[in-house]
Amino acid sequence: MTSRRYKDTYDSFYHSREWQAVRRQVLDRDHYLCQACKRAGRITPASTVHHITPLRVDYGKRLDPANLETICPACHNAEHKERAQSLKKKKSKIKIEKQKDVYEFKQNPEIY
C-alpha cells in the first residue's frame, strides 16, 4: 500500500509546470510513437511518458529526458505489472458480482 506522503509527493510532481514542459518535449522528440513498440518493429501511437528508471529508485532523474520515453498503454501496463494485476483483480471481482446479481457493500466507517 502506498503511503500518503508518497502519493502527495508524486501527485504534485506530475502536476508541476516542469513536468508538463519536459513531458511535451519528450512526446515531440518521440513523435508521439511508442518507443517500446518501435524497438519491436511496430508503429503505435502513444501519449504516455514513462520513466525508465522509476522515480522511487532515483528521484533525481525525474526531469532527465534521457530517462524518459513515450510509451503506449499496453507497454506501460507491461512495465508496471503490479498495477495491471491489481486492476485486473478489481475488474474481475466486479464482473463476478454482476454475474451473480449480488453486490457487496462495504461498511461505512463513519457510522461506527
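Contact is taken here as heavy atoms within 4.5 Å. The structure is a predicted model, in which local features need pLDDT of at least 70 and side-chain atom pairs count only at pLDDT 80 or more, while totals for chains, interfaces and linings use all residues. Residues are numbered from 1 along each chain as its sequence is written, and side-chain values use heavy atoms, with hydrogens and water left out.

Not counting residues up to four places away in sequence, Tyr10 touches Leu55, Arg56 and Tyr59. Tyr10 is buried (under 20% relative accessible area; exposed is over 50% and partly exposed in between, with a 1.4 Å probe and protein chains only), at a relative accessible area of 13%. Tyr59 is partly exposed, at 30%, whereas Phe13 is buried, at 5%.

Five aromatic pairs occur in the structure. Rings of Phe, Tyr and Trp (its six-membered ring) pair if their centres lie within 6.5 Å; planes under 30 degrees apart count as stacked, over 60 as edge-to-face and the rest as tilted. The ring centres of Tyr10 and Tyr59 are 5.7 Å apart and the planes stand at 70 degrees, so this pair is edge-to-face. Tyr10 belongs to helix α1 (residues 4–14) and Tyr59 to the loop between β1 (48–51) and β2 (68–71), so the pair ties together parts 49 residues apart in sequence. Helices (H or I, at least four residues) and strands (E, at least two) are DSSP runs, numbered from the N terminus. Phe13 and Tyr59 also form an edge-to-face pair, with centres 6.2 Å apart and planes at 65 degrees; this pair links helix α1 to the loop between β1 and β2, 46 residues apart. One aromatic cluster is formed by Tyr10, Phe13, Tyr14, Trp19 and Tyr59.

Trp19, Val22, Val26 and Leu27 are buried in α2. These residues cover an arc of only 140 degrees around the axis, which puts them on the same side of α2; the arc is that of the directions from the helix axis to the C-beta atoms. Just after α2, His31 takes a positive phi of about 55 degrees.

A nonpolar core is a set of buried Ala, Val, Leu, Ile, Met, Phe, Trp, Tyr and Cys residues joined through side-chain atoms within 4.5 Å. The largest has nine residues, including Tyr10, Phe13, Val49, Leu55 and Leu68. Its largest share, four residues, comes from α2.
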